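Me: I have a model open on my screen and would like to go through the terms used for it. Could you walk me through them?

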Amino acid sequence: MKHVASERESELEHERASLYELAAIYGLQHPLVIRQSEILDEMINRYNRMFLGRLQTK
C-alpha cells in the first residue's frame, strides 16, 4: 500500500508543479490555471477519501 501512496503523492506533486508553472506564465485568473487548480483539488480530494476510508476501517 505504501507504493500506491507514494505514487499518488508523486502525481499530486506533478500536478501541483504544473499549476505553479501555468500560474507563473498566465496569471491566477486564466482559464487554464483555474482548470489545473480544479484538477489538483479533485486529486487531493480523492487521495484524502482513499486514506480516510482506510483509517476508518482499522
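Me: Where is the place of Tyr26?

Reply: Tyr26 sits in helix α1, residues 2-26. Helices (H or I, at least four residues) are DSSP runs, numbered from the N terminus. A word on the source: this is a predicted model, in which local features need pLDDT of at least 70 and side-chain atom pairs count only at pLDDT 80 or more, while totals for chains, interfaces and linings use all residues. Residues are numbered from 1 along each chain as its sequence is written, and side-chain values use heavy atoms, with hydrogens and water left out.

Me: Why is Tyr26 called partly exposed?

Reply: Its relative accessible area is 42%. Buried means under 20%, exposed means over 50%, and partly exposed is in between (1.4 Å probe, protein chains only), so Tyr26 counts as partly exposed.

Me: What makes Ile25, Tyr26 and Leu32 a nonpolar patch?

Reply: Patches are made of residues with over 30% relative accessible area and no salt bridge; nonpolar side chains (Val, Leu, Ile, Met, Phe, Trp, Tyr) are joined within 5 Å, and like charges within 9 Å. Ile25, Tyr26 and Leu32 form such a patch on the surface, with about 310 Å² of accessible area together. That area comes from the Shrake-Rupley method with a 1.4 Å probe, and for residues only the protein chains shown count as cover.

Me: How do you know that Arg8 forms a salt bridge with Glu11?

Reply: The closest N and O atoms of Arg8 and Glu11 are 3.7 Å apart. A salt bridge needs a side-chain nitrogen of Lys or Arg within 4 Å of a carboxyl oxygen of Asp or Glu, so this pair qualifies. The two are 3 residues apart in helix α1, about one helical turn. Arg8 is partly exposed at 33%, and Glu11 is partly exposed at 33% too.

Me: How many salt bridges does the structure hold?

Reply: There are 4. Among them is Arg35 with Glu38, whose closest N and O atoms are 3.4 Å apart; both lie in helix α2, 3 residues apart. Another pairs Arg46 with Glu42 at 3.7 Å, and these two are 4 residues apart in helix α2, separated by about one helical turn.

Me: Why is the pair of Tyr47 and Phe51 called tilted?

Reply: A pair of aromatic rings is described by the distance of the centres and the angle of the planes. Rings of Phe, Tyr and Trp (its six-membered ring) pair if their centres lie within 6.5 Å; planes under 30 degrees apart count as stacked, over 60 as edge-to-face and the rest as tilted. The structure holds 1 aromatic pair. The centres of Tyr47 and Phe51 are 4.7 Å apart and their planes are at 55°, so the pair is tilted. Tyr47 is buried at 18%, whereas Phe51 is partly exposed at 22%.

Me: What makes up the largest nonpolar core?

Reply: A nonpolar core is a set of buried Ala, Val, Leu, Ile, Met, Phe, Trp, Tyr and Cys residues joined through side-chain atoms within 4.5 Å. The largest one has 6 residues: Leu12, Leu19, Val33, Leu40, Met43 and Tyr47. Both α1 and α2 give two or more residues to this core, and the largest share, 4 residues, comes from α2.

Me: Which residues does Leu40 touch?

Reply: Leu40 touches Leu12, Glu15, Arg16 and Leu19, not counting residues up to four places away in sequence. Contact here means heavy atoms within 4.5 Å.
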